[in-house]
Amino acid sequence: GANVSAALSGSVALIGNSSALSVAGVAAFTNLQVDIAGSGYTLVFSSAGVSATNSSSFAVSFGAIGQLVVSRQPGSATGGTVFEPQPVVELQDLQGNVVTSATTAVSVTLSGSETLHGNTSVTPVNGSATFTSLMVNTAGSYTLTFTSSDNITAATASLTVSVGAAASLVVTT
């Protein structure tokens, strides 16, 4: 039989064995994958001595939420002031596609016994949960842990809250 090759039009990579030997004029491809969600994909099949042919156009949908990714780490802060920048968490499928239709809430907790202030639960927009008012009043080194309502988690790198300038002087006797 003839060797038939498959390729994906555009710049996204085709994953799997993209070559098959035809048997009785039929080449079977059993493990081809596209791991980037999108539409308008076309497979192009070619073999020596014959004209290439295209598949019908197709789309690849997002998978279910499989991971949270901290796409913007929070900045360090002075006690009593908001982190700058504030963290952003993406809800992604296991292939790393942002699940833009995700509406599952993402909550955040602080390591240690101090209190995390601000809006600690955010509903994602277009697959990203953007926090806007998080802060800690006490100096120290902390980690933020984000959890989706279906118990998928992600944590930040360690961040530092430093001591702020004195707000007042108090005389005690």
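These legends walk through a predicted model, one close-up at a time.

Some ground rules for reading them: numbering starts from 1 along each chain as its sequence is written, and side-chain values use heavy atoms, with hydrogens and water left out. Local features need pLDDT of at least 70 and side-chain atom pairs count only at pLDDT 80 or more, while totals for chains, interfaces and linings use all residues.

View 1. The protein has 18 strands and zero helices; helices (H or I, at least four residues) and strands (E, at least two) are DSSP runs, numbered from the N terminus. Its radius of gyration is 25 Å, well over the 16 Å that the globule rule gives for 173 residues, so the protein is more spread out than a compact globule. That radius is taken over C-alpha atoms, and the rule is 2.2 Å times the number of residues to the power 0.38. Along the principal axes, the C-alpha trace spans about 100 × 25 × 20 Å. Of the 173 residues, 29% count as buried (under 20% relative accessible area; exposed is over 50% and partly exposed lies in between, with a 1.4 Å probe and protein chains only).

**View 2. The open sheet β2-β1-β4-β5.** Four strands line up here in that order, with antiparallel pairing; two strands pair if DSSP finds at least two bridges between them. At the edges sit β2 (19-21) and β5 (50-54), each pairing on one side only. From one strand to the next the twist averages 20 degrees (axes are lines fitted to C-alpha atoms, for helices over the stretch in contact, and angles run from 0 to 180 degrees between N-to-C directions).

**View 3. Strand β1 and its two partners.** What does β1 (residues 3-8) pair with over three bridges? That partner is β2, in the antiparallel sense. Here Ser5 stands opposite Ser19, and Asn3 has Leu21 as its bridge partner. Four bridges join β1 to β4 (residues 43-47), again antiparallel, and Ala7 stands opposite Val44 there. The covered face of β1 carries Val4, Ala6 and Leu8, and the uncovered one has Asn3, Ser5 and Ala7.

**View 4. Phe83 in the largest nonpolar core.** This core has 25 residues, and Phe83, Leu116, Phe131, Leu144 and Phe146 touch the most other members. A nonpolar core is a set of buried Ala, Val, Leu, Ile, Met, Phe, Trp, Tyr and Cys residues joined through side-chain atoms within 4.5 Å. Elements giving two or more residues include β7 (67-72), β9 (88-92) and β16 (144-148), but the largest share, three residues, comes from β10. Leaving aside neighbours within four places in sequence, Phe83 is in contact (heavy atoms within 4.5 Å) with residues including Pro74, Leu116, Met135, Leu144 and Val161.

**View 5. Val60 and the second core.** A separate core of five residues includes Leu8, Tyr41, Leu43 and Val60. Val60 is found in β6 (residues 58-60). Not counting residues up to four places away in sequence, Val60 touches Val34, Ile36, Ala37, Gly38 and Tyr41. Thr160 is 100 residues along the chain from Val60, and their C-alpha atoms are separated by 41 Å.

View 6. Beyond four places in sequence, Gln92 is in contact with Ala64, Ile65, Gly66, Gln67, Val69, Asn97, Val98 and Val99.
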